Amino acid sequence: MLLPGLRQRPLAGAQQLRIALGFKQQTCGLHRNNYKRNYRRFDGEHDTEPVWKRRPFWYAVGITGVSTTVYYQVHLIDSPTGRRQFISVSPEDERKAGQSAYAQIMNEYRHHIVPHNTEIDRYVRRVAMRIVKASNLEGDWEVRVIDSPEENAFVLPGGKIFVFSGLLPLAANEDGLATVLAHEIAHQYARHSAEKLSTAGLVSLLYTLVAFFVDPNAAQAGRIVATLLLDLPNSRECEQEADQIGLDLMAVACYDPAQAIQFWQRMKKPAHMAPPQLLNTHPSTRSRIENIRSWIPSAQLKREAANCPNPELTNSFFNQLGF
């Protein structure tokens, strides 16, 4: 503003040019700033907006959710007990996984495999093959005894049976050993290995998508929650089903299913040593015994239908050896 009585002096040409250029630069800068605020690079290099707030992300989530649901429903089948199970792995792929595991185990315990035709080998083989015959499962069955104090036994897909010698004193007799082997063969009878492989593949895919599109930390938290809510309950469900099927298999093989209760009582751990059932992959021994007791009448009927002789009191294998 001019003071009273003074006139504004006309600007020289150079001054007018500098002002004009300055105004132009300010105007261009303002446009550039507005352009940067309104323009978003396609590759998201300068975009800090979370991906889950964008509409395309939810389109992808919807498509993935629908596709996964359809895929899951298509691969649902009924287990031998009528339970619905998700299996997307072919029997051939299941056998290949078993062959790979068999090679690793044979390599790990190559110096501890009990030779064929020894007394312990014939004893385990006799019990195992009676269970296999009762199951009517096909396969190239092999029975291997591992000289190790571990109290364990397992059956790989394709018919590879492993029994650790440390289990035999705990089994105490053929009926006790039949309880364990029938349970493990029942896992293959119900294709639990294929079920676990199928579920693991589907869950891993979902974890990968969450880690890529949302947050790796969220995927890790989801893995923990899925373990507690999906993996562990499914494992316990499979174990319970194997107990039920195994009891029928040992009955059809003419073993005494009532002896399964005696075996699991020997396996029972003190309460302070057993983890809570929520955090365990297996049912508690107490739950196991209660379920087996409820299934014994049905198993006994199957035993009678198989024309098995009445159970006789005989000396166990270990009593004969003086154990």
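Predicted model: local features only at pLDDT ≥ 70, side-chain atom pairs only at ≥ 80, totals over all residues.
**A first walk through the model**

Now for H10 itself. The helix covers residues 285-305, 21 residues in total. From first C-alpha to last it reaches 29 Å, close to the 30 Å expected at 1.5 Å a residue. Where does H10 bend? The bend is at isoleucine 296, by about 45 degrees, and proline 297 follows within four residues. Several residues of H10 are buried, among them Ile289, Ile292, Trp295, Ile296 and Ala299. Thr285, Arg288 and Arg303 are on that buried list too. As a reminder, an α-helix has 3.6 residues a turn, so residues three or four places apart point the same way.

Let's step back to the whole protein. There are 11 helices and 5 strands. Of the 323 residues, 34% count as buried. Looking at contacts with a separation of 6 or more, 69% are between residues 24 or more positions apart. The protein exposes about 20,700 Å², and carbon and sulfur atoms supply 57% of that area.

Back to backbone angles for a moment. Most residues other than glycine have a negative phi. Asparagine 117 has a positive phi of about 70 degrees, although it is not a glycine. You'll find asparagine 117 in the loop between helix H3 (91-108) and helix H4 (119-135). Is asparagine 117 buried or exposed? With 60% relative accessibility, asparagine 117 counts as exposed. Cysteine 254 also is not a glycine, and its phi is positive, about 70 degrees. Cysteine 254 is in the loop between helix H8 (216-252) and helix H9 (259-267), and at 24% relative accessibility it counts as partly exposed.

On to the charged side chains. Side chains of opposite charge can pair when their charged atoms come close. How many salt bridges are there? The count comes to 16.

Let me pick out a few. Arginine 191 forms a salt bridge with glutamate 94, and their closest N and O atoms are 3.0 Å apart. Arginine 191 lies in the loop between helix H6 (174-189) and helix H7 (192-213), while glutamate 94 is in helix H3, so this pair ties together parts that are 97 residues apart in sequence. Arginine 191 is partly exposed, with a relative accessible area of 22%, whereas glutamate 94 counts as buried at 6%.

Another pair is aspartate 140 with lysine 160, where the closest N and O atoms are 3.8 Å apart. Aspartate 140 sits in the loop between H4 and strand E3 (142-146) and lysine 160 in strand E5 (residues 160-164), so the pair ties together parts 20 residues apart in sequence. Here aspartate 140 counts as exposed, at 51% relative accessibility, but lysine 160 is buried, at 10%.

Arginine 84 and aspartate 78 also meet through their side chains in a salt bridge, 3.0 Å from N to O. At 46% relative accessibility, arginine 84 counts as partly exposed. There is a network of salt bridges as well, linking Arg83, Glu195, Glu237 and Glu241.

Last stop, the surface. Val66, Val70 and Val74 form a nonpolar patch there, with about 290 Å² of accessible area together. Valine 74 lies in helix H2 (residues 55-74) and is exposed, with a relative accessible area of 62%.

Definitions and conventions. Residues numbered from 1 in each chain as written. Heavy atoms only, no water. Patch = residues over 30% accessible without salt bridge, like charges linked within 9 Å, V, L, I, M, F, W, Y side chains within 5 Å. Areas by Shrake-Rupley, 256 points an atom, 1.4 Å probe, with all protein chains shown as cover. Salt bridge = Lys/Arg side-chain N within 4 Å of Asp/Glu carboxyl O. Helix = DSSP H or I, 4+ residues; strand = E, 2+ residues; numbered from the N terminus. Buried < 20%, exposed > 50% of the residue type's maximum accessible area, 1.4 Å probe, protein only. Expected span 1.5 Å × (residues − 1). Bend = angle between axes of the 7 residues up to and from the residue. Contact = heavy atoms within 4.5 Å.
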